[in-house]
Amino acid sequence: MADAIRLTYEISPDDFTRAGEASSDVKSKLKRLGVPPEAIRKVSIAMYEGEINMVIHADGGEITVEITPERILMILADKGPGIPDVEQAMQAGWSTAPDEVRSLGFGAGMGLPNMKKYTDEMKIDTVIGVGTTITMVVNI
Amino acid sequence: MTVRDAMNVLGARVLVGEENLDREVKSACGSDMMSDVLAFSKDHSILLTGLCNPQVIRTAEMLDIVCIIFVRGKKPDQTILDMAAERDLVVLETGHRMFSSCGLLYQAGLHGGAI
C-alpha cells in the first residue's frame with residue numbers, strides 16, 4: 001500500500017452547478033496516472049452519480065478516493081437523512097428527487113443502480129437521521 | 001460520419017469546437033434526463049438534449065462524448081460554453097426538435113449503438 005494515492009473532496013450542498021467537480025478532477029488525475037480507460041469510465045460514472053446524490057439528497061459531504069495499482073476505492077460519506085429502504089432505492093426508476101431536481105435532468109431513479117452496475121463492489125451503510133456512507137471499488 | 005456531417009444533416013450551428021468538426025462519431029443518444037444518459041449510454045459520441053445546464057457538460061465529460069447537440073433552439077449560456085471548450089467538446093445548436101433531430105441523424109446512418 002506504499003504507493004496508494006489518497007484524494008479528499010468536500011462536496012458543498014445546494015450548489016448544483018458545481019456538482020461533479022470532484023468527479024471531474026478524479027477523472028483527469030486517473031488519466032494522467034495512465035489508468036486503463038474502461039476503469040476510468042466506471043469510476044467517473046459511479047462517482048459522478050454519487051456526487052450528484054450527495055448534493056441532491058444529503059447537504060453535501062465528503063468523498064475520499066484511494067488509488068492503488070490494483071484498484072480504485074471511493075468512499076462517499078454524507079450527513080444526510082439516510083435511506084429508509086435500501087432495497088427499494090436500488091430499484092431502477094425509484095426516486096424521491098423533487099420536481100426541481102428532475103427539471104435539472106436528474107432524479108430518474110438510476111443513480112444507485114448505475115453505481116452498482118459500474119463498480120466491482122458496492123456497500124451502503126445508512127442510518128436514518130445520521131447519514132449514509134457508500135463504499136465502491138473498481139478493480140483495475 | 002464526422003461531427004461536420006451531423007452538423008450538415010441538422011443544419012446546425014457550431015457554438016464551440018470549430019477545430020474538432022472532423023472527429024468521427026459512431027453512435028448517438030438523445031435525452032433530457034442526464035440520469036438516463038449515464039445509465040444507458042455506451043460509447044456514444046453524440047448527445048442530443050434540450051436540457052441546458054452545466055451538468056450536461058459534466059455528463060458528456062464522464063462518458064467521453066465528443067459532441068453535444070442542443071435541440072429545439074436551446075441556447076446554452078457562456079458558462080456552459082466555456083466548460084465545454086475547456087473539455088475539448090464540440091457544441092452544436094439546431095432548431096429541430098428532439099424527435100426530428102434523432103430521426104434525421106438515424107436516416108443519415110448514425111445509429112443508437114449497443115444496448
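1. Helix 1 of chain A gives the most to the lining of the second largest pocket, with four residues. Helices here are DSSP runs of H or I with at least four residues, strands are runs of E with at least two, and both are numbered from the N terminus.

2. The model is predicted: local features need pLDDT of at least 70 and side-chain atom pairs count only at pLDDT 80 or more, while totals for chains, interfaces and linings use all residues. Residues are numbered from 1 along each chain as its sequence is written, chains are lettered from A and ligands numbered from 1 in the order in which they are written, and side-chain values use heavy atoms, with hydrogens and water left out.

3. The volume of the second largest pocket is about 230 Å³. A pocket is an open set of points on a 1 Å grid over the protein atoms alone, where a 1.4 Å probe fits, with protein on both sides within 12 Å along at least five of seven lines; lining residues have an atom within 4 Å of a point. Grid points are joined across faces, edges and corners, and the volume is the space filled by probe spheres set on the points. From chain A the lining takes A:Ser24, A:Lys27, A:Ser28 and A:Lys31; from chain B it takes B:Arg23, B:Ala60, B:Glu61, B:Asp64, B:Ile65, B:Arg87, B:Asp88 and B:Leu89. By class there are seven charged, three nonpolar and two polar residues, with Asp, Glu, Lys and Arg as charged, Ala, Val, Leu, Ile, Met, Phe, Trp, Tyr, Cys and Pro as nonpolar, and the others, Gly among them, as polar.

4. The largest pocket holds about 560 Å³ of space. It is lined by 32 residues, of which A:Asn53, A:His57, A:Ile83, A:Thr96 and A:Leu112 are the closest to its centre. Helix 2 of chain A (37–57) gives the most to this lining, with seven residues. Strand 3 (71–78), helix 3 (86–89), helix 5 (111–117) and strand 5 (131–139) of chain A also supply at least two residues each. The lining counts 17 nonpolar, 12 polar and three charged residues.

5. Helix 3 of chain B is largely enclosed by the rest of the structure, because nine of its nine residues are buried. Buried means under 20% relative accessible area, exposed over 50% and partly exposed in between, with a 1.4 Å probe and protein chains only. The buried set includes the charged-class residues B:Arg58 and B:Glu61. The cover over helix 3 of chain B includes helix 1 and helix 2 of chain A, together with helix 2 (34–40), strand 3, strand 4 and helix 4 of chain B. Just after helix 3 of chain B, B:Asp64 has a positive phi of about 55°.

6. B:Asn53 sits in the loop between strand 3 (46–49) and helix 3 of chain B, and is buried at 7% relative accessible area. At the start of helix 3 of chain B, a side-chain oxygen of B:Asn53 comes to within 2.9 Å of the backbone nitrogen of B:Gln55. Beyond its neighbours within four places in sequence, B:Asn53 is in contact (heavy atoms within 4.5 Å) with A:Phe16, A:Leu104 and B:Ile80.

7. Helix 4 of chain B (78–86) has B:Ile80, B:Leu81, B:Met83 and B:Ala84 as its buried residues. Seen down the helix axis, these fall within an arc of 160°, so they line one face of helix 4; the arc is that of the directions from the axis to the C-beta atoms. The face turned away from the buried side carries the exposed residues B:Gln78 and B:Glu86. Strand 1 (13–16), helix 3, strand 4 (67–70) and strand 5 (90–93) of chain B are among what covers the buried residues. B:Asp77 caps the N-terminal end, with a side-chain oxygen 3.2 Å from the backbone nitrogen of B:Thr79. After helix 4 of chain B comes B:Asp88, with a positive phi near 65°.

8. B:Thr49, in strand 3 of chain B, is buried at 0% relative accessibility. Its side chain reaches the backbone nitrogen of B:Leu51 at 3.0 Å. Among its contacts beyond four places in sequence are B:Ser31, B:Val56, B:Ile69 and B:Met98.

9. B:Cys102 lies in helix 5 of chain B (98–107) and is partly exposed at 27% relative accessibility.

Note on methods. A polar contact is a pair of N or O atoms within 3.5 Å; within protein, one must be able to donate a hydrogen and the other to accept it, and residues adjacent in sequence count only if both atoms are side-chain atoms.
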